[in-house]
Amino acid sequence: MKKFRQWSLAALILCVGSAAFAQEPTAKDLIAYRQGVMEALGKHVGAISMMVRGKVPYDHMVDQANALAATAATVGDVFPAGSDAGETHALPAIWEQQEDFQSKVTALQDASRNFASVAASGDKAAIGKALGAVGGSCKGCHDDYKQAD
């Protein structure tokens with residue numbers, strides 16, 4: 001009987017857990033997730049900037065650069081249809097001008113991957129230049145698709 005209860009409890013947990021994953025996300029959830037991803041990008045750039053400016057050692061440059069590139073790789077997926085309603089700084093133009101928006105996302109992803117590659121070289125001058133390209137890709141998108149704070 002004890003084993004039956006253990007298996008029953010395990011089955012119940014599995015069913016409840018599966019139901020939680022099966023729910024469709026709300027616009028509020030999608031926006032919160034997107035804001036978390038964008039905040040993570042900013043935090044990685046901030047940490048990298050501290051290293052480039054000599055405020056902290058370069059000890060984690062490659063780790064931060066790889067994390068930046070990995071996070072940037074998700075940006076194209078965090079603006080799905082239906083996530084334009086609610087408290088967001090994302091402008092409606094994102095969903096109205098998808099082709100241009102996606103080209104700017106691709107520019108961010110390319111710049112971030114390139115930055116990760118350059119960061120691995122350890123060449124501080126090249127790192128600074130590559131970081132500038134990442135910043136330029138961020139600005140290019142924010143200028144057209146983010147509401148001013």
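Helices (H or I, at least four residues) and strands (E, at least two) are taken here as DSSP runs, numbered from the N terminus. By that rule the protein has 6 helices and 0 strands, and its pattern along the sequence reads α-α-α-α-α-α. The structure is a predicted model, in which local features need pLDDT of at least 70 and side-chain atom pairs count only at pLDDT 80 or more, while totals for chains, interfaces and linings use all residues. Residues are numbered from 1 along each chain as its sequence is written, and side-chain values use heavy atoms, with hydrogens and water left out.

Of the 149 residues in the protein, 27% are buried (under 20% relative accessible area, with exposed meaning over 50% and partly exposed in between; 1.4 Å probe, protein chains only). The protein exposes about 9,500 Å², and carbon and sulfur atoms supply 60% of that area (Shrake-Rupley method with a 1.4 Å probe; for residues, only the protein chains shown count as cover). Contacts (heavy atoms within 4.5 Å) between residues at least 6 apart in sequence join residues at least 24 apart in 72% of cases.

Ile127, Ala130, Leu131, Val134, Ser137, Cys141 and Tyr145 are the buried residues of α6. Viewed down the axis of α6, these buried residues fall within an arc of 110°, so they line one face of the helix (the arc being that of the directions from the helix axis to the C-beta atoms). They pack against α2 (27-52), α3 (61-72), α4 (93-96) and α5 (98-121). Lys124, Ala125, Lys129 and Asp143 are exposed on the other side of α6.

Neighbours within four places in sequence aside, Lys104 is in contact with Gly140, Cys141, Asp144 and Tyr145. A polar atom of the Lys104 side chain lies 3.3 Å from the backbone oxygen of Gly140; a polar contact is a pair of N or O atoms within 3.5 Å, where within protein one must be able to donate a hydrogen and the other to accept it, and residues adjacent in sequence count only if both atoms are side-chain atoms.

Because Phe79 lies in the loop between α3 and α4 and Phe101 in helix α5, the pair ties together parts that are 22 residues apart in sequence. Phe101 also forms an edge-to-face pair with Tyr145, at 5.3 Å centre to centre and 80° between the planes. Here Phe101 is in helix α5 and Tyr145 in helix α6, so parts 44 residues apart in sequence are tied together. Phe101 is buried, with a relative accessible area of 1%, and Tyr145 is buried at 3%. Phe79, Trp95, Phe101 and Tyr145 form one aromatic cluster.

Key. Phe/Tyr/Trp six-rings, centres within 6.5 Å; stacked < 30°, edge-to-face > 60°.
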